[in-house]
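Visitor: Hi! Could you walk me through this one, a bit at a time?

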Amino acid sequence: MTLRFSRPAVLAFAGALVIATTAFAHHGWEWAEEKQTNLEGTIREVYIGPPHPSLKVETASDGLWTVDLSNPAQTTRSGFVEGSARPGNKIVILGNRSAKKDQKLMKAVKITVEGKDFILYPERMPK
Amino acid sequence: MEILQALHDAGFATALRRALTVYPFVNAAHILSFGLVVGAIATLDLRVLGLFRTFALSQLAPPLSRMAAIGVGCALVTGFLLFSVQPLAYAQNGPFLVKVSLAAAGIANALLLNARPAWKSAGGEISASVKAQAAVSLFIWIMAVVSGRWIAFVE
């Protein structure tokens, strides 16, 4: 058995891999709805740290949502740190929901925990 | 579950979550580590499969195998540290479990090949089964990188 790979074949394979692994970007806002909406619920889990801080929020009638916050540095800058929220706290999230209707995932612009605001993306706040 | 919680609560895991500037270095070290693995292993696999025929396997195999082994060792250490920040979440992450399984299969495959070194000796004939293992190795490591990258893109 002899296997030979032509140079174009190897390059094409490498190119396809690069496209396959970068096309599906979770970062940015393109994957989310354009309009901002509110989501209300009770915090179930708080994760603060790298690579990405996030919350699990139980809603009254729409199940458990995952809420992506900003990156660790920006989240810290908003004032949201360890101890800012704990499971059981009431929360209102202003942000963009996933454009996929069956995906309970939202990217937060501002969160309000027990009445206290944390603005994660000041530049995206409604005027 | 308890052991994962204990890892989550370990001092170094907590420190890694709190110190904003350490994680990116560990992350970069992990990428460098598996970059070494894939770079060295892919070159060796392709040589076994018939590329770079002018370079003797007996010359190429030892340094490439060693670099790959060093890469695997560093990837395990850095990967364990990255895992420790959110062990419970990663343990339930599909792509992560696929990635770890693929890496284990890749390591086992390499150890098996290393255990019968006839193919590395000068002028030794490369058997079809060794070539098949090289092809499998190439596939496994590429898919391990792809599934590893996928970890961040599922909920």
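**A chat about chains A and B**

Guide: Happy to. In chain A, strand β1 (residues 37-47) and strand β2 (residues 54-58) run antiparallel, joined by five bridges. Strands here are DSSP runs of E with at least two residues, helices are runs of H or I with at least four, and both are numbered from the N terminus; two strands pair if DSSP finds at least two bridges between them.

Visitor: Before we go on, what kind of model is this?

Guide: This is a predicted model, where local features need pLDDT of at least 70, side-chain atom pairs count only at pLDDT 80 or more, and totals for chains, interfaces and linings use all residues. Residues are numbered from 1 along each chain as its sequence is written, while chains are lettered from A and ligands numbered from 1 in the order in which they are written.

Visitor: Thanks. Which residue stands opposite A:Val46 in β2(A)?

Guide: That is A:Leu55. On to the next pair: β2(A) is also joined by five bridges to strand β3 (residues 64-68) of chain A, again antiparallel. There, A:Lys56 has A:Thr66 in β3(A) as its bridge partner.

Visitor: And what about the hairpins?

Guide: The hairpin of β1(A) and β2(A) has six residues between the strands, and A:Gly49 there takes a positive phi near 155°. The hairpin of β2(A) and β3(A) has five residues between the strands, with A:Gly63 at a positive phi near 70°.

Visitor: Which residues does the cis peptide bond join?

Guide: A:Pro50 and A:Pro51, with omega about -5°. A:Pro51 lies in the loop between β1 and β2 of chain A. For background, most peptide bonds are trans, and most residues other than glycine have a negative phi.

Visitor: Can you give me the overall layout of chain A?

Guide: Chain A has two helices and six strands, in the order α-β-β-β-α-β-β-β along the sequence. Of its 127 residues, 26% count as buried.

Visitor: Now chain B. How many residues does helix α6 have?

Guide: Helix α6 (residues 94-115) of chain B has 22 residues and reaches 32 Å from its first C-alpha to its last, close to the 32 Å expected at 1.5 Å a residue. That expected span is 1.5 Å times one less than the number of residues.

Visitor: Which residues of α6(B) are buried?

Guide: They are B:Phe96, B:Lys99, B:Leu102, B:Ala103, B:Gly106, B:Ala110 and B:Leu113. These cover an arc of only 125° around the axis, which puts them on the same side of α6(B); the arc is that of the directions from the helix axis to the C-beta atoms.

Visitor: And what's on the face turned away?

Guide: Exposed residues, including B:Ala104, B:Ala108 and B:Leu111.

Visitor: What covers the buried residues of α6(B)?

Guide: The cover includes α4 (57-84), α5 (87-91) and α7 (128-150) of chain B. Contact here means that the C-beta atoms of two residues, placed from the backbone, lie within 7 Å.

Terms used:
Buried ≥ 20, exposed ≤ 12 C-beta atoms within 10 Å, placed from the backbone.
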